[in-house]
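Please read it with the structure open.

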Amino acid sequence: MSAGNRADVLVIVRDLPVGTPVSTADLATTRAGVDAPVQTIPASRADEVVGKIAAVDLRAGSLLSPGQLTTTLTPGQGQQIVAVGLKASQLPVGALRPGDHVLVVPTPGTAGQDAASSGTSPLGREVAAAVDRVSQPDADGTAVVNLLIAAESGPTVAKQAALGRVALVVTARRP
């Protein structure tokens with residue numbers, strides 16, 4: 001059906017990890033059947049792509065789409081990225097997506113003690129964050145959520161996450 005809608009589009013020719021600038025050598029052109037909902041970049045726009053940064057891991061042989069590229073990388077000035085490993089039961093129902101806003105909340109210590117008041121918690125309050133990336137769950141069902149956090153709170157949230165005593169509360173979804 002899409003045979004009549006073929007167009008020259010950009011394809012990645014080698015694996016590029018997130019954060020890698022795209023060069024001319026990373027791109028090739030292929031002719032592909034393109035339906036309206038499929039996001040691709042026309043080959044004629046290759047000059048606009050060169051120099052942009054891979055926002056996700058790009059795999060050799062895949063068609064390039066606009067959402068896979070960015071002009072800026074995280075963390076920005078005054079931010080840190082903190083990785084938080086969470087089991088499915090600790091994640092909000094529905095997928096977390098980059099750009100979602102959350103609160104990192106300290107959870108109770110042993111025997112139901114409030115970790116913040118027991119002196120064993122480095123995180124004494126909720127901390128606002130934004131989701132940067134979310135991994136697929138591993139074999140144990142743990143997903144890693146990379147959070148963008150104000151630099152002054154990053155180390156404290158990392159310590160609390162290392163204790164395994166955090167929960168995320170979604171405060172706003174990315175539009």
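This is a predicted model: local features need pLDDT of at least 70, side-chain atom pairs count only at pLDDT 80 or more; totals for chains, interfaces and linings use all residues.

1. Largest pocket, size and centre. The largest pocket holds about 690 Å³ of space. Its lining counts 22 residues, and those closest to the centre are Ala 55, Thr 74, Pro 98, Asp 132 and Arg 133.

2. Largest pocket, make-up. By class, the lining of the largest pocket has 10 nonpolar, 8 polar and 4 charged residues. Which strands each supply at least two residues of this lining? They are strand 7 (127–134) and strand 8 (142–150). Strand 7 gives the most, with 4 residues.

3. Second largest pocket. Here the space is about 190 Å³. The lining includes Ala 88, Leu 91, Pro 92, Gly 94, Ala 95 and Leu 96. Also among the lining residues are Val 134, Ser 135, Gln 136, Pro 137, Gly 141 and Ala 143.

4. Ala 130. This residue is found in strand 7. Is Ala 130 buried or exposed? Its relative accessible area is 15%, and the cut-off for buried is under 20%, so Ala 130 counts as buried. Leaving out residues up to four places away in sequence, Ala 130 touches Asp 100, His 101, Asn 146, Leu 147 and Leu 148. Take Leu 148 from that set: Ala 130 and Leu 148 are 18 residues apart in sequence, yet their C-alpha atoms are 5.1 Å apart in space.

5. Salt bridges, overall. How many salt bridges does a search of the whole structure find? The count is 7. Side chains of opposite charge can pair when their charged atoms come close. Some of the pairs follow.

6. Arg 14 and Asp 26. These two form a salt bridge, with the closest N and O atoms 2.5 Å apart. Both partners sit in the loop between strand 1 (6–12) and strand 2 (27–33), 12 residues apart. Arg 14 is partly exposed, at 43% relative accessible area. Asp 26 is buried, at 1%.

7. Arg 59 and Asp 57. The side chains of Arg 59 and Asp 57 meet in a salt bridge at 3.9 Å, N to O. The cut-off for a salt bridge is within 4 Å, so this pair at 3.9 Å does qualify. Arg 59 is partly exposed, with a relative accessible area of 46%. Asp 57 is partly exposed too, at 34%.

8. Arg 173 and Asp 100. This salt bridge has an N to O distance of 3.0 Å. Why does it tie together parts that are 73 residues apart in sequence? Because Arg 173 lies in the segment after strand 9 (166–172), while Asp 100 lies in the loop between strand 5 (79–87) and strand 6 (101–106). Arg 173 is partly exposed, with a relative accessible area of 39%. Asp 100 is buried, with a value of 0%.

9. A network. Salt bridges that share partners join Asp 15, Asp 57, Arg 59 and Arg 133 into one network. Arg 133 is also among the residues closest to the centre of the largest pocket.

Definitions and conventions. Residues are numbered from 1 along each chain as its sequence is written. Side-chain values use heavy atoms; hydrogens and water are left out. On a 1 Å grid over the protein atoms alone, a cavity is a set of points where a 1.4 Å probe fits but cannot get out, and a pocket is an open set with protein on both sides within 12 Å along at least five of seven lines; lining residues have an atom within 4 Å of a point. Grid points are joined across faces, edges and corners, and a volume is the space filled by probe spheres set on the points. Ala, Val, Leu, Ile, Met, Phe, Trp, Tyr, Cys and Pro count as nonpolar, Asp, Glu, Lys and Arg as charged, and the others, Gly among them, as polar. Buried means under 20% relative accessible area, exposed over 50%, partly exposed in between (1.4 Å probe, protein chains only). Contact means heavy atoms within 4.5 Å.
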